[in-house]
Amino acid sequence: MLKITDLVKRYDTGQPVLKNLNLEIKGESVVSIIGSSGAGKSTLLRCINRLVEPSSGQIQLNGTDLTSLNRSQLRKARHKIGMVFQSFNLIDRLTVMENVQSGRLGSLPTWRAIARKYPKEDIRRAYELMDRVGIAHYADKRADELSGGERQRVGVVRALMQEPEILLADEPTASLDPKTSEQIMGLLRDLSREFALPVLINIHNVTEAKEYTDRIVGMRYGRIIFDALPSDLDKDAMDSIYSGTPAADRGADVQQSTVSGDVGAVAT
Amino acid sequence: MSKADTQKQLVRDTWQKPPFIANPYIRWGVIIAVLVYFGFTLVNLPIDWNRASQGLTRAARIFNGAWPPSFERGGLLLNGFLESLKIAILATVGGVVLSIPIAFMAARNVAIKPVYFLGRAIIIVARSFHPVIVAIIFVKAVGFGPFAGVLTLIVYSVGFVAKMLAERIEEIDFGQVEAMRSVGAPFLSTLIYAVFPQIMPRQIGLTIYQLDSNLRASAVVGIVGAGGIGATLANAFGRYDYDFALTITLVIIGVILVSEAISGQIRKSIK
C-alpha cells in the first residue's frame, strides 16, 4: 500500500509545486493521474522514489517511510519501485537483454554488471517477461533498433525485473502513436492484474485514462481536486481540472530544469 | 491621421538583423579599437624588408642543396620513424587511460563541485603549454630521448582527450542516468550502464584521432630532444644535410597523409 501524507515539494524559489498532498493507493489497482502540464504530476511521481527530493511530508510504501531513508537504504527501496518513462530512457547502444537486466542493477554486484555475468534465474525471468510482452526475439538487438512501442515494452520489462511493489509510469504513452499507446495501456493494466501490482500512471490522454484505469486522480496546481472512479469524471470535473493560469506554466519550467540533472545527480 | 497613413504604419516590410553588440557606442568603440591597434602594431613591429629579401636567397640555397632528396641513410630514417610510432602509441594509450577518469572528474553533471574544479584544473594545466614547451621541461627532467617524448605527449593527449570527453559526458541524455537511479543502481554501475555506452563512440574516435595527432606531434617534440623522427630531422639540419632533411620531411608528409586517411576511415565507420 502506498500512503502519501501532507507531501510538499518546493523548488528553490517560488510557489510550492505540491501543496500538502494526500493520496492513498491500496491493492493492485491501476490509478491514473491527470492534470495540465505543470500541475505537479511528474513531481509527485518522482517524489515517491525520490528522484525529486520532497520538501516535507511522508511517503509510506508497505510500511516503510521512504522520506526518512538514508542513501543506501534509499537505493534498496528504489529497487522495489519500478518506473517507466515517457522517453523510455533505455540505454540505446546496449542490447535489449542488457537493458532488461539493468533493472536488476540495484541488487547486482558491480563487477557482475560490468562483466555481464547475470545470474541464471535473472536471465530465465528476463526471457519469460520478454516473452510475455512479445519482445523475446529482440534479446540480442540494440535498443535503438526497436520501434517506439517495442522500446516501451523493454522499459516495462526492465521495471518488472525489479520485482517491484509498485510501478510508476510517467506519461508512458506520450511518445507513442494512438494505436501503440492503447496497446501499452492495455499491457500495463493486464500486468497489474497478473502480478498483483499497483500501477500509478501520469497521463494526458483522458480517454485512455478512463478506459484502462480503475481510478482517476485529477491534479491542479499541486493539489488533488478530483479522486474517483473513471465513470464519475464528467464535464464539470474536467473543466475544473484543466482550467489554467500562468502559475501552471511556471510550474512546468521548474520541473523541467530539475529533471535534466543537477550537480552530482548521479551520486544521489 | 488619415486612413492611408494608419495603413502605412501597420504594414511592416523592412527588417534588419539585430546587431551582435546592441549598444552602438560599444559596438563602434570595439571596431575602432581593433583597427587602431592593428595599425599601431603594423607600424611598430620591426619588419625589415631587406632581411626578408636576403632570406629568400638563403632559402633558395637550402632548397638547391636539398635537391635531389637523398635516401642514402634510409636505415636512420626508418629507425627514427619506428621510434616516433612507438612514442605515439605509448603516449596515446597512457594519455587515454588517464583521460577517462579525468574527464569524469571534469564533467559538471556527474562530478561534485570540488572534484569538478580539480578535473578542470588538470585539463587547463595540460592544455596551457604547447607540446614543445612541455617537451623542453621533460627533456630537462628525464634527459634526451623517447621517454621524454612519451611523457610530453601523454600530457598533450590528456589536455585534448579529457577535455573533449568531458564535454561529451556533459551532453549525455540524462534520462538514462535517471532510469538507472530509479532502479537503485550503485554509482559505478550507473556510470557503466548509463554513461559509458553513450560516450563510447566519441571515446574511440578521440583515441584514433589522438594517435594520429601524437604521431604528428612526436616529429615536432623530437626537434627539442624528445626522440623519434624529429631528433633525426634536427640532426640532419644541424649537419647541413639538407638533402637528407628533405627526404625526412617528405616521408613525414607521406606518413601523416596515410595515417590521417586510415584514422578518418575508422572514425567514419563507428556509429
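This is a predicted model: local features need pLDDT of at least 70, side-chain atom pairs count only at pLDDT 80 or more; totals for chains, interfaces and linings use all residues.

**Entry: a starting residue**

I began with R50(A), which is buried at 10% relative accessibility. R50(A) has a salt-bridge partner, E53(A), and their closest N and O atoms sit 2.6 Å apart. E53(A) itself is partly exposed, at 39% relative accessibility.

**Entry: another pair in chain A**

Next I looked up D214(A) and R193(A), which form a salt bridge with 3.0 Å between the closest N and O atoms. Why does this pair tie together separate parts of the chain? D214(A) is in the loop between α8 (206-212) and β9 (215-220) of chain A, while R193(A) belongs to helix α7 (residues 178-194) of chain A, so the bridge links parts 21 residues apart in sequence. I also checked how open the two are. D214(A) is partly exposed at 26% relative accessibility, and R193(A) is partly exposed as well, at 41%.

**Entry: chain A as a whole**

I then asked how its radius of gyration sits against that of a compact globule. For 268 residues the globule value would be near 18 Å, and chain A has 18 Å, so the two agree. Along the principal axes, the C-alpha atoms fill a box of roughly 50 × 40 × 30 Å. Buried residues account for 54% of the 268 in chain A. I looked at sequence separation too: of the contacts in chain A between residues at least 6 apart in sequence, 71% join residues at least 24 apart.

Which residues other than glycine have a positive phi? One of those I noted is D6(A), with phi near 55°. D6(A) sits in strand β1 (residues 2-9) of chain A and is partly exposed, at 38% relative accessibility. N89(A) is another entry for this list: it is not a glycine, yet its phi is positive at about 55°. N89(A) is in the loop between β6 (81-84) and α3 (96-101) of chain A. Buried or exposed? N89(A) counts as buried, at 3% relative accessibility, which is under the 20% cut-off.

**Entry: where the two chains meet**

Then I turned to chain B and its interface with chain A. I found 31 residues of chain B in contact with 37 residues of chain A. The buried area between them is about 2800 Å², and carbon and sulfur atoms give 62% of that.

How many salt bridges cross this interface? The rule finds one, although the count over all chains comes to 19. The crossing pair runs from R46(A) in helix α1 (residues 41-48) of chain A to E178(B) in helix α8 of chain B. Their side chains meet at 2.7 Å, N to O. I checked burial for both ends: R46(A) is buried at 5% relative accessible area, and E178(B) is also buried, at 5%.

On the chain B side, the elements giving two or more residues are α8 (174-182) and α9 (187-223). The largest share, 11 residues, comes from α9(B). That side of chain B divides into 18 nonpolar, eight polar and five charged residues.

**Entry: inside helix α7 of chain B**

T152(B) is in helix α7 (residues 146-170) of chain B and is buried, with a relative accessible area of 0%. Which residues does T152(B) touch, leaving aside neighbours within four places in sequence? I listed P131(B), V134(B), A135(B), F138(B) and V221(B).

L153(B) is in helix α7 of chain B and is buried at 0% relative accessible area. Not counting residues up to four places away, L153(B) touches I87(B), A91(B), N214(B), A217(B), S218(B) and V221(B). I also took one distance: L153(B) and I199(B) are 46 residues apart in sequence and 23 Å apart in space, C-alpha to C-alpha.

Terms used:
Residues are numbered from 1 along each chain as its sequence is written. Chains are lettered from A and ligands numbered from 1 in the order in which they are written. Side-chain values use heavy atoms; hydrogens and water are left out. Contact means heavy atoms within 4.5 Å. Buried area is the accessible area (1.4 Å probe) that two parts lose on being put together, summed over both. A salt bridge is a side-chain nitrogen of Lys or Arg within 4 Å of a carboxyl oxygen of Asp or Glu. Helices (H or I, at least four residues) and strands (E, at least two) are DSSP runs, numbered from the N terminus. Ala, Val, Leu, Ile, Met, Phe, Trp, Tyr, Cys and Pro count as nonpolar, Asp, Glu, Lys and Arg as charged, and the others, Gly among them, as polar. Buried means under 20% relative accessible area, exposed over 50%, partly exposed in between (1.4 Å probe, protein chains only). The radius of gyration is taken over C-alpha atoms; the globule rule is 2.2 Å times the number of residues to the power 0.38.
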